[in-house]
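Hi,

Here is the structure I promised to pass on. Have a look at it first, and my notes on the pockets and the backbone follow below.

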Amino acid sequence: MNALAKQLNEIIEQGNPHILDMLSDIGKNVFFPKGILSQSAEAKQKAHKINATIGIAKEGGDIMAMPSVSSAIKDISLANSLTYAPSFGIPELRKKWQDEQREKNASLSGKTISLPVVTCGITHAVSIAADMWINPGDVVILPDKMWGNYNMIMGVRKGAVIKNFTLFTESGGFNLNAFENKLKEEAAKNSKLVVLLNFPQNPTGYTVTEAEGKRITDVLTNIAINGTHLIVIADDAYFGLFYEEDTMKESIFAKLADAHERILAVKLDGATKENYVWGLRVGFITYSTKIKGDSKPLYEALEKKTAGAIRGNISNASHLSQSIVLKSMNDHHYLEEKKAKFSILKKRANRVKEVVYDSKYQDYWDVYPFNSGYFMCIRLKDLDAEKVRLHLLDNYGVGLIALGEKDLRVAFSCIEESDVTELFDIIRKGIDDLRSA
């Protein structure tokens with residue numbers, strides 16, 4: 001094992017030995033290298049005459065750039081757009097994002113969390129988290145309705161064993177009993193579990209209520225108290241897009257932060273959906289756990305390991321993308337702009353809710369609960385979802401996502417409010433076509 005990795009492991013063990021036990025083999029062995037990086041940092045401070053350490057090209061005292069590129073970049077300097085960003089991410093952006101995390105999650109008050117590490121989108125954050133915390137054969141608990149890429153990242157690439165629980169009760173709420181029973185069942189056989197919770201949820205668009213969130217927190221804490229190590233990953237890709245009063249307006253990460261020494265809460269979030277910048281690919285990984293004494297050394301060790309994993313994966317996320325996000329967050333119109341875009345999506349969600357439950361559709365589908373995010377799902381009464389999807393696409397030019405045998409996902413985020421009624425009428429017409437064929 002590299003001496004730097006060993007040193008980081010010792011720091012983690014001093015702060016909370018359970019966290020060291022939770023790390024994957026990669027997580028234990030990964031480190032943030034010194035070498036060229038540290039030498040370049042020293043040269044940046046002291047090489048006042050000539051600095052020949054930087055692995056970029058310069059010209060005339062500035063960053064070398066082709067005019068066809070530099071002309072496309074307005075208002076952001078070449079040094080803040082075309083150069084490499086740190087593997088940790090731009091320091092100012094990390095601090096700004098952490099401040100906003102605390103503003104949006106009241107339960108973080110008085111709790112310790114790490115400084116977010118920047119990833120290339122939230123998919124990359126999931127992958128880096130998997131590298132850090134999942135070994136082949138580790139059990140990952142997920143709902144039966146989930147984003148399919150979780151299986152690719154954790155099941156296929158990392159060799160994890162995915163165990164599902166039924167997401168909804170018959171009455172249309174989070175299935176707390178199924179969640180608790182699955183956790184107890186797997187905790188009886190495994191000393192370590194990975195639990196991934198995604199609210200607002202993809203594909204269903206459901207966020208738990210405040211009461212459900214408290215019960216989830218209690219269940220997880222009780223499992224930890226009984227001796228199981230828990231890595232609880234909150235995929236908060238759609239965070240903030242909460243459209244109804246009774247939905248929990250915080251991340252489950254905030255509820256679990258600092259909760260128990262056997263719980264590591266991992267927050268995966270980003271500007272991707274929260275700030276409507278999908279292609280910029282700016283995500284974050286943030287940690288929280290109960291720590292003996294000063295929390296700073298342990299969090300810095302985890303940040304270094306995470307940055308090391310990124311360094312050994314993509315080197316760093318786009319400097320230009322990070323600078324654009326930071327510039328937007330510092331703009332005095334920022335909150336006003338976010339509120340305006342949120343209002344548009346909320347109106348679309350409300351319109352879908354008005355239409356999809358209409359009695360004229362009651363013989364065609366059931367509706368899964370939805371109250372947030374980008375999506376909602378319907379369960380067809382009798383037809384195969386893939387057959388319906390293809391029929392609608394080929395004959396009506398309407399695109400939906402088929403999930404399993406009966407479920408169709410509708411992304412209301414990308415359709416105009418005025419098109420909602422027509423969309424569901426076309427789905428009904430397509431079902432009538434197939435029933436009469």
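How much space lies in the largest pocket? About 1200 Å³. A pocket here is an open set of points on a 1 Å grid over the protein atoms alone, where a 1.4 Å probe fits, with protein on both sides within 12 Å along at least five of seven lines; lining residues have an atom within 4 Å of a point. Points are joined across faces, edges and corners, and the volume is the space filled by probe spheres set on them.

Before you go further: this is a predicted model, where local features need pLDDT of at least 70 and side-chain atom pairs count only at pLDDT 80 or more, while totals for chains, interfaces and linings use all residues. Numbering runs from 1 along each chain as its sequence is written, and side-chain values use heavy atoms, with hydrogens and water left out.

Back to the largest pocket: 37 residues line it, and K44, T83, Y84, A85 and P86 are the closest to its centre. Two or more lining residues come from each of α4 (35–46), β2 (62–63), α6 (91–104) and α14 (319–330). Of these, α4 gives the most, with 5 residues. (Helices, H or I with at least four residues, and strands, E with at least two, are DSSP runs numbered from the N terminus.) The lining splits into 17 nonpolar, 13 polar and 7 charged residues. Nonpolar covers Ala, Val, Leu, Ile, Met, Phe, Trp, Tyr, Cys and Pro, charged covers Asp, Glu, Lys and Arg, and the others, Gly among them, are polar.

The second largest pocket holds about 460 Å³. It has 16 lining residues, with K104, F239, G240, L335 and K338 nearest its centre. Here α6, α12 (271–274) and α15 (334–356) each give two or more residues, and α15 has the largest share, 5 residues. By class there are 7 nonpolar, 1 polar and 8 charged residues in this lining.

Now the backbone. Most peptide bonds are trans, and most residues other than glycine have a negative phi. A cis bond joins F199 and P200, with omega about -10°, and another joins N202 and P203, with omega about 25°.

R281 has a positive phi of about 60° and lies in the loop between α12 and β9 (283–288). S315 has a positive phi near 80°, in the loop between α13 (296–311) and α14.

Cheers
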